[in-house]
Amino acid sequence: MCLGIPGRVLHLLDGYGGQLALVDVAGEARKVNIGMLPGETFEAGDWVVIHMGFVVEKTDEAGADAALAGLKLMGSGDSP
């Protein structure tokens, strides 16, 4: 398992071989590479998990919330 940050696709970017999307990550728009998941299709509103600038998983809102909760728990230093 890798550490990933959830985000929501705003739109796909023109050019770049169809491999870049603009994604809202904690309120900030970031360019991320979607090329590691060539079998997936992406559109505005899709939830994704990002690791080191690459989308590593397409998820739903519940999955994004779970990823964010895990990150918050790790940052708190508390045990589950």
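Predicted model: local features only at pLDDT ≥ 70, side-chain atom pairs only at ≥ 80, totals over all residues.
Modeller: Before we look at any pair, a salt bridge here is a side-chain nitrogen of Lys or Arg within 4 Å of a carboxyl oxygen of Asp or Glu.

Biologist: Is Asp46 buried or exposed?

Modeller: Asp46 has a relative accessible area of 15%, and because buried means under 20%, Asp46 counts as buried.

Biologist: What about Glu40, which side chain does it meet in a salt bridge?

Modeller: The side chain of Glu40 also meets Lys58, and that salt bridge spans 3.9 Å from N to O. Glu40 lies in the loop between strand S3 (28-33) and strand S4 (47-51), whereas Lys58 is in strand S5 (residues 54-59), so the pair ties together parts that are 18 residues apart in sequence. Glu40 is partly exposed, with a relative accessibility of 37%.

Biologist: Which residues are linked in a network, then?

Modeller: Glu40, Asp46 and Lys58 are linked in a network of salt bridges.

Biologist: Where does Glu28 come in, what does it form a salt bridge with?

Modeller: Glu28 forms a salt bridge with Arg30, and the closest N and O atoms of that pair are 3.7 Å apart. Glu28 is partly exposed at 44% relative accessibility, and Arg30 is likewise partly exposed at 41%.

Biologist: Changing topic, which strand does Asn33 lie in, and what does it touch?

Modeller: Asn33 lies in strand S3, and it is buried, with a relative accessible area of 18%. Leaving aside residues up to four places away in sequence, Asn33 touches Gln19, Leu20, Gly53, Phe54 and Val55.

Biologist: Let's zoom out, what pattern does the chain follow along the sequence?

Modeller: The chain has one helix and five strands, and read along the sequence they follow the pattern β-β-β-β-β-α. Its radius of gyration is 13 Å, close to the 12 Å that the globule rule gives for 80 residues, so the chain is as compact as a globular protein of that length. Taken along the principal axes, the C-alpha atoms fill a box of roughly 45 × 25 × 20 Å.

Biologist: How many of the 80 residues count as buried, as a percentage?

Modeller: Of the 80 residues, 28% count as buried. The chain exposes about 5300 Å², and carbon and sulfur atoms supply 56% of that area.

Biologist: Last one, how many positive and negative side chains does the chain have?

Modeller: The chain has 5 positive and 11 negative side chains, and the centres of these two sets lie 5 Å apart.

Notes:
Residues numbered from 1 in each chain as written. Heavy atoms only, no water. Buried < 20%, exposed > 50% of the residue type's maximum accessible area, 1.4 Å probe, protein only. Helix = DSSP H or I, 4+ residues; strand = E, 2+ residues; numbered from the N terminus. Contact = heavy atoms within 4.5 Å. Rg over C-alpha atoms; globule rule 2.2 N^0.38 Å. Areas by Shrake-Rupley, 256 points an atom, 1.4 Å probe, with all protein chains shown as cover. Lys, Arg positive; Asp, Glu negative; His and termini not counted. Charge placed at Lys NZ, Arg CZ, Asp CG, Glu CD.
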